[in-house]
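Reader: I am new to this one. Could you walk me through how to read a few of its features?
Author: Gladly; let us look together.

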Amino acid sequence: MKRATEYARRRTVASLELGVLLALVGGFLDAYSFIHLGGVFANAQTGNVVLFGVEAARGHWGSAVRHLPPIVAFMVGVGVAETLRRPRVRAVVPGPARAALVLEILVLVAAGFLSSVIPADALVVVIAFVASVQVASFRTLIDWPYNTTMTTGNLRSAAQALYVAVIDRDAESARKARSFAMIIVSFLAGGFLGGWLTLRLGAHAIWICAALLLLALGLFVIDVRRNILALRVRMPRRRR
């Protein structure tokens, strides 16, 4: 039974359904941070690295330093996600992927409550931390590496798979192209919903992300129960 539960968890972590929900959250958070937090993309740290260099080159050290906290928060989030995978931690907190989702949900709910009392720069740091926990915890879509908070790499993977599918008539590449297309469209939909809801709900729109992550957490429960039931059906009945 324990093996069945662990198998269901592993399958859920790499599932397309989970990837779609996480991509929605990734696009939503980018739109939220851009509209509500002064035109920044808190998920992708490439922009912060470049802007730090640009401001430093101009001698605007005050502006340059503002881009460092999100980068540090992103690195801390990766460290937290990796810590959840450590054997000693897993002995206390089983299921690192589920633990990461719970952590994200709690942080985003708290951010919604505190958004009126903490500055925008602090919220950017919070979102950067959440994004890094997510991207470090969920790195595989079915059998392929992907990203749930940025879309450039996913676009490259989709285009490459589509090319091979068309030129070589490869069925697996076609499946990969379709899967990545769904992730990209989900990220786009998340950006649209994030922008639309942030303009109407303001700071509290971030709670929508927490709700989406709660649905993602529910996938683990559903798959574990489904797998256990299937295992029970296959088990031979004991002799009386």
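Reader: Is Phe34 buried or exposed, or partly exposed?
Author: We call a residue buried under 20% relative accessible area, exposed over 50%, and partly exposed in between (1.4 Å probe, protein chains only). Phe34 is partly exposed, because its relative accessible area is 41%. Phe34 belongs to helix H2, residues 16–36; helices (H or I, at least four residues) and strands (E, at least two) are DSSP runs numbered from the N terminus. Before going on, note that this is a predicted model: local features need pLDDT of at least 70, side-chain atom pairs count only at pLDDT 80 or more, and totals for chains, interfaces and linings use all residues. Residues are numbered from 1 along each chain as its sequence is written, and side-chain values use heavy atoms, leaving out hydrogens and water.

Reader: Which residues make up the largest nonpolar core's most connected part, those with the most contacts inside it?
Author: A nonpolar core is a set of buried Ala, Val, Leu, Ile, Met, Phe, Trp, Tyr and Cys residues joined through side-chain atoms within 4.5 Å. The largest one here has 49 residues, and Leu29, Leu101 and Leu108 have the most contacts inside it. Among the elements giving two or more residues to this core are H2, helix H7 (96–114) and helix H11 (206–234). H2 gives the most, with eleven residues.

Reader: What is Leu29 in contact with?
Author: Contact means heavy atoms within 4.5 Å. Leaving aside neighbours within four places in sequence, the partners of Leu29 include Leu108, Ile127 and Val130.

Reader: How many aromatic pairs does the structure hold?
Author: Rings of Phe, Tyr and Trp (its six-membered ring) pair if their centres lie within 6.5 Å; planes under 30 degrees apart count as stacked, over 60 as edge-to-face and the rest as tilted. The structure holds two such pairs. Phe113 and Trp207 form a tilted one, 4.9 Å centre to centre with 55° between the planes. Phe113 is in helix H7 and Trp207 in helix H11, so this pair ties together parts 94 residues apart in sequence. The rings of Trp144 and Phe180 have centres 6.2 Å apart and planes at 45°, so that pair is tilted. Trp144 and Phe180 are both buried.

Reader: What is the phi of Arg169?
Author: Most residues other than glycine have a negative phi. Arg169 has a positive value, near 55°. Arg169 sits in the loop between helix H9 (152–168) and helix H10 (171–201), and Arg169 is exposed, with a relative accessible area of 79%.
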